[in-house]
Amino acid sequence: MMSKFTRAALYAAASTLVLGSAAQAQVFEQVGGGERRTIDVITVTAQQREESAQDVPLSIGAYDTDALQNAGVADIKDLISIAPGLMVTSTQSETITTARIRGIGTVGDNFGLESSVGVYIDGVFRSRNGVGFGDLGEIERIEVLRGPQGTLFGKNTSAGVLNVVTAAPEFEHGGALEATLGDYGYSRFSGSLTGPLIEDVLAFRLFAAKGERDGFQQLIYDDGNGPAEVRDSETQDYYTFRAQALWTPSEAVEGRIIYDYSNRDELCCSAVQWDYAAAPAAFVGAVGGQVMQPADPGARVSYANREYQQDVEDQGLSAEFDIEMPIGTLTSVTAWRQWENSRTQDIDYSTADIAYRADGNFTDLERFSQEVRLTGIWGDLDWLVGGFVSHEELELGDAIRFGDDWEAYLGRLLTAGSVPPLGTPAGVSATLQAMQGLAPVAALIGVPGAQGFLPIPAPGSAIPEGTGVAQDLYEQTAESWAIFTHNTYRLTDNLSLTAGLRYTHETKNVFATFNTNSPAACGALETAFGPDPVAGVIAAATAAGLPAATISGLGTAAGNICLPYARTALDANGYDRERTDEQVSGTIRLTYDFSDDFMGYVGYSRGFKAGGFNLDRAFGGPLDPVTGYTDVDSGFAPEIIDAYEVGFKSQLFGNVLQLNANAFYQEVEDFQLNTFTGISFVVNSIESVTSYGLEVDFAYATPIDGLDISGGYAYVNAEYGDETSIAANLRGKQISLSPENFLTAQVIYERPLWGNVWGLASLDARYVSDYNTGSDLDPEKQQDAFTLLNARVGLNHADGAWSIEAWGRNLTDEAYAQVAFDQFAQSGGFGAFMGAPRTWGVTLRTEW
């Protein structure tokens with residue numbers, strides 16, 4: 001049933017015609033005999049041609065420099081404050097940042113998954129959203145293309161595109177300096193220079209920024225070597241640099257060459273207690289050095305026994321050339337990018353030292369791509385043909401190990417209910433003792449130290465600190481190529497047909513090696529019951545005629561003693577796998593110009609994202625008859641979206657009001673769902689997901705000089721199908737991280753005060769209805785509806801010589817979860833990665 005808020009929002013949207021493209025009102029023209037401000041339409045490249053956003057038959061949000069600057073948008077996550085229907089979240093580190101459009105996106109804690117929402121920066125695809133996260137510098141505009149963009153942005157853009165365009169070099173000398181200081185020790189200093197090197201032939205642009213911030217989360221750190229320390233978490237410490245050259249050797253050739261480099265060295269990201277049941281709190285408290293406090297996410301307190309650190313280095317070189325030819329314009333985009341990340345962290349987020357990521361966790365991603373497009377006009381036909389090829393090399397290292405408290409913690413869990421009530425710290429050895437009679441005698445011949453039928457390690461040595469994954473390595477290569485065409489034919493003066501087609505072919509190969517420092521307890525089970533000790537224990541207990549409840553309990557105990565990080569079944573052989581996916585995607589749209597100011601369109605498009613491999617330890621498949629080891633197919637199918645859309649775009653009352661709206665319906669086949677089970681990440685292909693709704697944007701140049709209002713509304717109903725292949729707890733339910741209602745608004749008021757001094761006041765607001773943040777839709781991971789308010793006030797000189805602005809973000813200090821999750825091995829314990837609290841600061845800027 002539609003909620004009261006939904007009905008009210010839809011009624012308000014219809015009655016006030018709150019529809020349109022977010023833009024800044026700047027231009028004046030004669031209307032009705034007097035001066036009247038109008039909307040300045042933004043030029044976009046959504047169809048790889050420069051054209052007005054109002055002429056593109058797509059649902060698109062276009063945001064120019066002024067709108068972005070007044071909203072404080074510095075990275076793709078900040079964009080959610082003014083872009084309705086967009087969700088961007090971060091989890092274990094800010095490198096694991098993912099976007100969703102119309103409810104569809106990828107949970108990013110697994111680099112085997114590529115992004116459903118493509119991020120392009122200056123025409124270059126970033127293969128994971130987190131790779132595109134960072135200080136974007138001088139932004140000319142950002143385009144949010146909603147829905148599949150399978151023709152022109154065909155590399156993994158099944159859900160949409162964030163197209164970022166930075167400021168280009170100019171043939172006039174200019175520059176800017178900016179300094180920002182804020183609370184939590186925040187500082188950011190940036191500067192840019194542009195101008196000609198050879199007049200009308202070669203121009204340059206340089207940009208650099210340095211940012212730091214103390215953490216806005218309190219981390220209570222206790223490594224057991226002294227009193228607990230209070231540290232800052234979620235810190236920032238980065239610098240970034242971008243150098244550009246604009247080369248125009250002739251009237252027929254123009255090239256833009258860009259090199260950029262960024263470095264981040266930060267303590268991020270710890271998690272607070274979101275909800276914590278009494279049982280896991282008691283078990284953790286029994287073995288940890290400090291008592292877990294009741295869950296209070298708003299207090300922003302987190303715990304760790306191990307060091308947190310993330311180091312990121314990102315760089316790239318690209319060259320885009322446009323060459324005018326007799327038949328049209330030839331465009332070439334060549335790009336090389338390299339992204340490296342290493343991190344350590346406490347992964348249980350509790351006061352007990354249960355498990356951690358040690359040195360040896362890293363991701364190296366290198367990518368080369370080449371795109372060629374040829375565009376032209378032949379009578380009533382605007383045509384485009386092109387090709388794309390890319391080569392990506394991904395190397396990922398993982399080293400998850402057990403902490404000093406894991407054996408005592410697990411022992412208490414395994415023997416809970418005994419005396420004392422929380423169980424015994426020696427419970428791991430005691431549990432193995434209980435399994436002795438099940439172990440086959442033949443498996444133990446010649447085993448040193450065997451006690452009866454099963455080697456029993458002494459208490460305290462069953463799962464020593466530091467055992468677990470010594471080093472897992474995944475090396476994946478991805479070869480992709482595509483040919484495409486995108487054309488618009490004007491059937492009549494008012495009716496146009498747009499049709500595009502793309503063929504994509506992608507091959508991935510992954511070679512994985514595994515190296516386990518197996519703890520004695522798991523080694524004993526593997527020795528006695530084979531490479532799959534869980535199945536072995538269950539089979540032995542079944543053969544012994546034990547009750548079903550006992551069999552289940554023994555299987556669970558074996559699974560906890562031999563977590564994936566303790567098992568050696570993959571060590572001997574690892575695996576080498578390859579998969580190839582190919583797909584024809586495309587679009588067809590009809591556009592009708594009812595007048596110069598009102599256009600309607602209807603269309604269909606197909607999006608495609610290739611399949612891949614789950615780059616995490618996986619067990620549970622059939623035993624290989626030759627090696628005797630578990631053989632698990634860790635691959636998952638490609639994700640395909642079919643989308644239908646009908647909408648209109650308009651410029652009303654002499655372009656005083658821009659009003660745009662559309663309705664959409666999308667069907668997703670084999671939705672790639674990444675879920676953290678509390679132990680490891682598992683990727684499942686969900687047979688079907690549907691997404692439908694309404695998107696509304698508006699921009700209004702009010703009669704009050706200098707007062708502009710823009711905003712939007714999105715109603716999104718994204719649900720899992722009801723097939724029996726889908727887990728019962730998911731069937732027919734709204735998918736995670738997908739609120740039904742988004743409402744955004746931005747108000748900017750700027751006018752002269754005295755002389756050449758102008759005043760500025762801006763306010764932007766974002767409301768989202770409640771939604772579940774967990775892939776498994778556990779009710780404990782529900783986030784209530786909330787509203788974020790950001791504001792900015794300032795003074796500036798009319799010619800840009802100086803400006804001073806005071807700003808605040810999340811003014812009401814909303815405490816909300818980006819993602820809530822099951823804490824490692826703590827059934828009933830939930831952590832959360834929180835959104836930023838209230839922050840404020842002052843920005844000084846000069847331009848010349």
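Why is helix H6 (residues 520-529) described as largely enclosed by the rest of the structure?

1. The model is predicted: local features need pLDDT of at least 70 and side-chain atom pairs count only at pLDDT 80 or more, while totals for chains, interfaces and linings use all residues. Residues are numbered from 1 along each chain as its sequence is written, and side-chain values use heavy atoms, with hydrogens and water left out.

2. Seven of the ten residues of H6 are buried, so the helix is largely enclosed by the rest of the structure. Buried means under 20% relative accessible area, with exposed over 50% and partly exposed in between (1.4 Å probe, protein chains only). The buried residues are Ala521, Cys522, Ala524, Leu525, Glu526, Ala528 and Phe529. Helices (H or I, at least four residues) and strands (E, at least two) are DSSP runs, numbered from the N terminus. Packing against the buried residues of H6 are helix H5 (427-434), strand E29 (454-455), helix H7 (533-543) and helix H8 (548-561). Just after H6, glycine 530 has a positive phi of about 95°.

3. The axes of H6 and H7 come within 9 Å and cross at roughly 60°. Axes are lines fitted to C-alpha atoms, for helices over the stretch in contact, and angles run from 0 to 180 degrees between N-to-C directions. H6 and H7 are therefore oblique to each other; angles under 35 degrees count as roughly parallel, over 145 as roughly antiparallel, 65 to 115 as roughly perpendicular and the rest as oblique. Leu525, Glu526 and Phe529 of H6 make the contact (heavy atoms within 4.5 Å) with Pro533, Gly536, Val537 and Ala540 of H7.

4. Helix H3 (residues 278-287) packs with helix H4 (residues 406-414) at an angle of about 140°, the axes lying 9 Å apart. H3 and H4 are therefore oblique to each other. Phe283, Val284, Ala286 and Val287 in H3 meet Ala408, Tyr409, Arg412 and Leu413 in H4. Buried in H4 are Trp406, Glu407, Tyr409, Leu410, Gly411 and Arg412, and their cover includes H3, strand E27 (400-402), H5 and H8.
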